[in-house]
Amino acid sequence: MKKDRWLLRSVVLLALSAALMTGVSLAAEAGSSQDPLVTLSYLNDTFFNTIMERVDQKIAQRTGQALPGGTSSAASFVVVTLSEGQTLTGGVGCEVMLRVGSAVCVSPSDPGLIDETTAAALANGGALIQNHLYMMTIEGRGVRAAAGTTKVLARGSYTVA
């Protein structure tokens, strides 16, 4: 008789354990901290695409590509190509250097641009000199392309119109 009770207790305990484990496994949400198993299809289809979008955003920010609203910002110099008549308007602290073509200062008042190379001020309509570094110290200052293709290096926030 005692052997039968031991066997009966073992079977009941085993059945209770199985029921408890089934309940716990059903309660755990897939992909949660209770169920950390991740499938390869999730990594390839969902997670990888999310990571690549974030990387693309960071690269765009660091290389000065256009951000929403037509404004660009560059932490280091980027090449900006302007067609004749296009104007690059910089924010305070924006720097430009004329590399190819010709351009003139656009400014509603004095001072226009500050020529950092010579420490002189450039007035509205004044021609930029190639390889000189210019800074916008007041909002609304910029450079207008005066040649068919004008290339400038720009650093800081700016818009092209």
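Colleague: Let's start with the loop between S6 and strand S7 (133–135), where asparagine 131 is found. What makes asparagine 131 partly exposed?

Modeller: Its relative accessible area is 41%. Partly exposed covers what lies between under 20% for buried and over 50% for exposed, so asparagine 131, at 41%, is partly exposed. Keep in mind that this is a predicted model.

Colleague: Why is alanine 119 called exposed?

Modeller: Exposed means over 50%. Alanine 119 has 68% relative accessibility, so it counts as exposed.

Colleague: Which peptide bond is cis?

Modeller: The one joining aspartate 110 and proline 111, with omega about -10°. Proline 111 is in the loop between strand S4 (103–106) and strand S5 (113–115).

Colleague: Now the strands. How do you know that S8 is largely enclosed?

Modeller: Four of the five residues of S8 are buried, so the rest of the structure largely encloses this strand.

Colleague: And what makes strand S2 (residues 87–90) and S8 a pair?

Modeller: A pair needs at least two bridges. S2 and S8 have four, in the antiparallel sense, so they pair. One of the links is between glycine 90 and its bridge partner in S8, arginine 141.

Colleague: How many bridges are there between S4 and S8?

Modeller: There are four, and the sense is antiparallel. Valine 104 has arginine 144 as its bridge partner in S8.

Colleague: Which residues have the most contacts inside the largest nonpolar core?

Modeller: That core has 19 residues, and those with the most contacts inside it are Val80, Leu88, Val96, Leu113, Leu128, Val143 and Tyr158. At least two core residues come from each of strand S1 (71–83), strand S3 (95–100), S4, strand S8 (141–145) and strand S9 (149–160).

Colleague: What does valine 143 touch, leaving aside its neighbours within four places in sequence?

Modeller: Valine 143 is in contact with Leu82, Gln86, Thr87, Leu88, Val96, Ala103, Val104, Val106, Leu113 and Leu128.

Colleague: Are cysteine 94 and cysteine 105 buried or exposed?

Modeller: Cysteine 94 has 1% relative accessibility, which is under 20%, so it counts as buried. Cysteine 105 is also at 1%, so it too counts as buried.

Colleague: Why is the contact between glutamate 95 and arginine 155 called a salt bridge?

Modeller: The cut-off is a side-chain nitrogen of Lys or Arg within 4 Å of a carboxyl oxygen of Asp or Glu. Here the N to O distance is 2.5 Å, so the side chains of glutamate 95 and arginine 155 form a salt bridge. The pair links distant parts of the chain, with glutamate 95 in strand S3 and arginine 155 in strand S9, 60 residues apart. The structure holds one salt bridge.

Colleague: What makes glutamate 95 buried?

Modeller: Glutamate 95 has 8% relative accessibility, which is under 20%, so it counts as buried.

Technical notes. Residues are numbered from 1 along each chain as its sequence is written. This is a predicted model: local features need pLDDT of at least 70, side-chain atom pairs count only at pLDDT 80 or more; totals for chains, interfaces and linings use all residues. Side-chain values use heavy atoms; hydrogens and water are left out. Buried means under 20% relative accessible area, exposed over 50%, partly exposed in between (1.4 Å probe, protein chains only). A nonpolar core is a set of buried Ala, Val, Leu, Ile, Met, Phe, Trp, Tyr and Cys residues joined through side-chain atoms within 4.5 Å. Contact means heavy atoms within 4.5 Å.
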